[in-house]
Amino acid sequence: MILLVLGVVGVSYYAVVLSIYGPALFASGVGALDSFIALVVLILFHILLGMLLWSYFSVVFTDPGGVPPNYRPMVDVERGDSESEFSSLATPDPTNTRIRYCRKCNQIKPPRCHHCSVCGRCVLKMDHHCVWVVNCVGALNYKYFLLFLFYTLLETTLVTLSLLPYFITFFSDGEIAGSPSTLATTFLAFVLNLAFALSVFGFLIMHISLVSGNTTTIEAYEKKTSPKWRYDLGRKRNFEQVFGTVEKYWFIPAYSEEDLRRMPALQGLEYPSKPDLDSQEF
């Protein structure tokens, strides 16, 4: 799948940069406006491509988060927890609904943690297993995944709009310079980028809705009959639970040291919640 993604990037690069807008930038007899448009397209294309690849490989190579060895939940005395409740949990206690236990991994599961059958382990704040990144999307790489969708949408939209005039000319029997293989590659790049732009747009809208409610794909399915959600802290705080509080880091696949230090939710083990809904758990 990684090679497939890189293949689509390569086809797009060949069509936009090497076949059309690169030569147009330096061609003699081209008007100033056309040269300016070519320059703008090339600059935007390379910036968005760089951010897309950075975000993509951040998702691929970042561990989504696993349960630490000998994990035990934080003890909350005010809520009625006790040390003895979590001290010896070799086997799950079916009467204790506040303790989540994975029978496949034989370990306690932190809040919002789910078992991935593909990875064969529990993943912190698991959203889904994505075949496009050959990895689980979880607490530690969910932001990177969203940025990958965002920059993919921008890049594919730019490529589609950039190739649209040539696509229209091709089907209106206009004359287009280039060999048959170049025209075929341009046509393929247009169709692929249009398809990806439309599909990623819908997927991104869905995840924006999930972020606004501070939930994941799995949790959205599990709590579909629950009108209230314990981790829904308001749109601003929900957004910060994924992207952090430092604005200059919102659009890059990284977090500030300050956010990593003072926001436990970014580590995937502890999450602030509404006190009146603390008994709610999945």
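To begin, what share of the contacts in the chain with a separation of 6 or more comes from residues 24 or more positions apart?

A: Residues 24 or more positions apart account for 62% of those contacts, a contact being heavy atoms within 4.5 Å. The model is predicted: local features need pLDDT of at least 70, side-chain atom pairs count only at pLDDT 80 or more, and totals for chains, interfaces and linings use all residues. Residues are numbered from 1 along each chain as its sequence is written, and side-chain values use heavy atoms, with hydrogens and water left out.

The chain has eight helices and six strands, taken as DSSP runs numbered from the N terminus (helices H or I, at least four residues; strands E, at least two). Their order along the sequence is α-α-α-β-β-β-β-β-β-α-α-α-α-α. Of the 282 residues, 42% count as buried; buried means under 20% relative accessible area, exposed over 50%, and partly exposed in between (1.4 Å probe, protein chains only).

Now the salt bridges. The count is five, where a salt bridge is a side-chain nitrogen of Lys or Arg within 4 Å of a carboxyl oxygen of Asp or Glu. One of them joins Asp63 and Arg121, at 2.9 Å from N to O. Asp63 sits in the loop between helix 2 (32-61) and helix 3 (83-87) and Arg121 in strand 4 (residues 121-123), so this pair ties together parts 58 residues apart in sequence. Asp63 is partly exposed at 41%, and Arg121 is partly exposed at 26%.

Another pairs Glu219 with Arg112, with 2.8 Å between the closest N and O atoms. Glu219 belongs to helix 6 (residues 217-222) and Arg112 to the loop between strand 2 (107-109) and strand 3 (114-116), which puts them 107 residues apart. Glu219 is buried, at 1% relative accessibility, and Arg112 is buried, also with a value of 1%.

Asp259 and Arg262 form a salt bridge at 3.9 Å. They are three residues apart in helix 8 (residues 257-262), and therefore separated by about one helical turn. Asp259 is buried at 1%, while Arg262 is partly exposed at 46%. Glu258, Asp259 and Arg262 are linked in a network of salt bridges.

As for the cysteines, there are zero disulfides, a disulfide being a pair of cysteine sulfur atoms within 2.5 Å. Cys119 is in none; its nearest cysteine sulfur, that of Cys136, is 3.6 Å away. Cys136 is in no disulfide either, and the nearest cysteine sulfur to it, that of Cys116, is 3.3 Å away. Cys119 is partly exposed at 31%, whereas Cys136 is buried at 0%.
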